[in-house]
Amino acid sequence: MNTEIERKIDKLVDKYFDEMLDSLRRIIRIKSVMETKKDNMPFGEGPARALSETLEICKELGFETLNVDNYAGHATFGNKGKLYGVLGHLDVVPEGDLDKWESDPYELTIKEGKMFGRGVSDDKGPSIGALYALKIASEIVENPKNTIRIIFGTNEENGSKCLKYYFQKEPYPYAAVTPDGAFPLIFAEKGNATYELSISLNTDYHTRLLKLEAGTAVNVVPEICKAVIETERVGEIEYVLQNHKSKCGFEYKINENKIEIKFIGKSAHGSTPELGINAAACMLELLTRIDFGPVNQIIETLYEKLGKDINGRGLDIYGEDKVSGKLTCNLGILKLQDNLLRAFINIRYPIFFNVDMITRQINEAMKGFEIERRSHSTPLYVSRDSELVKLLLKVYRDVTKDESAPVAIGRGTYARAVPYGVAFGATFPGENTKMHQPNENWSLDSFKKFVRIYARLMYRWLTE
């Protein structure tokens with residue numbers, strides 16, 4: 001790419017930057033958390049509204065658009081040659097504890113050179129940035145040789161059913177990227193499997209567990225866990241509480257024969273549980289020290305198999321490979337309702353592992369529980385010697401001068417929804433945007449640099 005084209009791209013990024021922020025502001029305001037399906041909204045009202053508003057922005061920018069039954073939609077530039085795709089998502093995880101946010105999670109707040117709000121880095125900001133990168137490339141390339149499609153999904157955080165449906169209706173791209181990972185790029189992603197474990201509790205005892213609740217999503221380390229215990233032996237339990245030590249913070253309140261307990265940990269993405277402190281695991285550790293009679297064995301099993309370790313040792317599924325690293329297991333949700341205790345775990349397994357063997361071992365380790373595999377995504381691997389990886393690395397390095405090597409991750413991205421794709425950005429090495437945590441943020445400089453990189457990539461796709 002010649003320097004004149006690069007100068008044009010950089011000038012257009014500056015020209016459109018305030019407009020990008022205004023467009024992002026429109027999308028951040030929509031609480032696009034998955035809800036119950038209704039009418040023609042397969043994932044609830046919020047994700048459908050976010051898709052509608054985004055496609056309206058696409059139209060305002062002059063692109064042809066298509067809404068595929070509120071599952072996903074796209075904006076297109078070009079009408080011939082190879083079809084290239086950019087896969088972004090507009091749904092977000094819940095905001096979590098509002099008291100820990102320093103600003104409204106559903107308003108774009110800019111301070112100290114950073115954008116704050118749920119979705120600014122995962123993945124509304126990168127999706128809007130990619131859209132404007134295409135706008136910039138379209139103003140430079142008058143007669144495109146190929147076609148680019150920005151595809152907006154609405155269910156990435158809960159199984160990516162959106163793109164599974166979308167690609168039943170629309171063609172796969174020849175090659176694709178998703179701005180939902182990290183630079184320089186991600187060439188391998190671990191397998192991703194979610195399981196529900198359930199069991200009925202016998203509460204005919206002098207001490208009963210009435211409530212146990214933790215987690216907002218299975219792919220998030222739970223920050224808060226609450227329990228309510230009803231007991232005839234308040235003094236005994238109070239003694240345990242007074243002498244309990246935990247890596248989580250905790251508090252309790254006694255009201256006659258009921259004890260309310262709250263553990264406070266630290267949230268993190270479920271693919272990196274080592275960065276968080278699991279409040280559900282902390283709660284289970286405490287509960288193993290209380291006499292619940294016939295329920296004790298169940299609580300101890302949950303703690304020993306799921307709560308003590310984040311690498312699957314309790315389930316006897318621990319392992320690693322040289323490409324993608326260690327298996328991780330996140331206890332994401334605990335829920336007790338009508339004496340039915342349910343636990344949801346999210347496992348990210350190395351790319352050369354076998355999910356059916358993992359499932360069999362979980363069934364063996366958790367005998368007595370009902371086990372259901374709720375979702376599964378196979379691992380992704382694209383050779384570092386592939387033409388796609390070589391092109392992306394050149395574009396990235398030309399802008400940043402960073403020679404970092406591509407990486408493998410535990411997170412799953414939309415890249416595995418297509419035959420040939422990788423995660424390319426949006427965050428840069430060393431950045432911590434607190435995705436899936438309170439005060440999610442992204443720097444304005446990084447946002448602008450991301451758009452510059454993507455506009456160069458799209459120019460190459462349209463002209464080569």
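At roughly what angle do the axes of helix α1 and α10 cross? The axes of α1 (residues 3-28) and α10 cross at roughly 130° and come within 10 Å. This is a predicted model, in which local features need pLDDT of at least 70, side-chain atom pairs count only at pLDDT 80 or more, and totals for chains, interfaces and linings use all residues. Residues are numbered from 1 along each chain as its sequence is written, and side-chain values use heavy atoms, with hydrogens and water left out.

**Helix α1 with helix α10**

- α1 and α10 are therefore oblique to each other (angles under 35 degrees count as roughly parallel, over 145 as roughly antiparallel, 65 to 115 as roughly perpendicular and the rest as oblique).
- The crossing of α1 with α10 is right-handed.
- Residues of α1 in the contact (heavy atoms within 4.5 Å) include Ile5, Ile9, Val13 and Phe17, and those of α10 include Phe447, Lys448, Val451 and Arg452.
- This contact of α1 with α10 has 11 nonpolar, no polar and 6 charged residues (Ala, Val, Leu, Ile, Met, Phe, Trp, Tyr, Cys and Pro count as nonpolar, Asp, Glu, Lys and Arg as charged, and the others, Gly among them, as polar).

**Helix α3 with helix α10**

- The axes of α3 (residues 124-140) and α10 (residues 444-463) come within 8 Å and cross at roughly 45°.
- α3 and α10 are therefore oblique to each other, and their crossing is right-handed.
- Gly125, Gly129 and Ala133 are among the residues of α3 that meet α10, where the partners include Phe447, Tyr454 and Met458.
- The residues of the contact of α3 with α10 divide into 15 nonpolar, 2 polar and no charged.

**Largest pocket**

- The largest pocket has a volume of about 1100 Å³ (a pocket is an open set of points on a 1 Å grid where a 1.4 Å probe fits, with protein on both sides within 12 Å along at least five of seven lines; lining residues have an atom within 4 Å of a point).
- It is lined by 41 residues, of which Glu157, Asn158, Gly159, Val218 and Ser375 are the closest to its centre.
- The lining of the largest pocket divides into 14 nonpolar, 16 polar and 11 charged residues.

**Second largest pocket**

- The second largest pocket has a volume of about 710 Å³.
- Among the 30 residues lining the second largest pocket, Ser271, Thr272, Leu275, Arg411 and Glu431 are the closest to its centre.
- β21 gives the most to this lining, with 3 residues.

Methods:
Axes are lines fitted to C-alpha atoms, for helices over the stretch in contact, and angles run from 0 to 180 degrees between N-to-C directions. Helices (H or I, at least four residues) and strands (E, at least two) are DSSP runs, numbered from the N terminus. A crossing is left-handed if the near helix is turned anticlockwise from the far one by less than a right angle, and right-handed if clockwise. Grid points are joined across faces, edges and corners, and a volume is the space filled by probe spheres set on the points.
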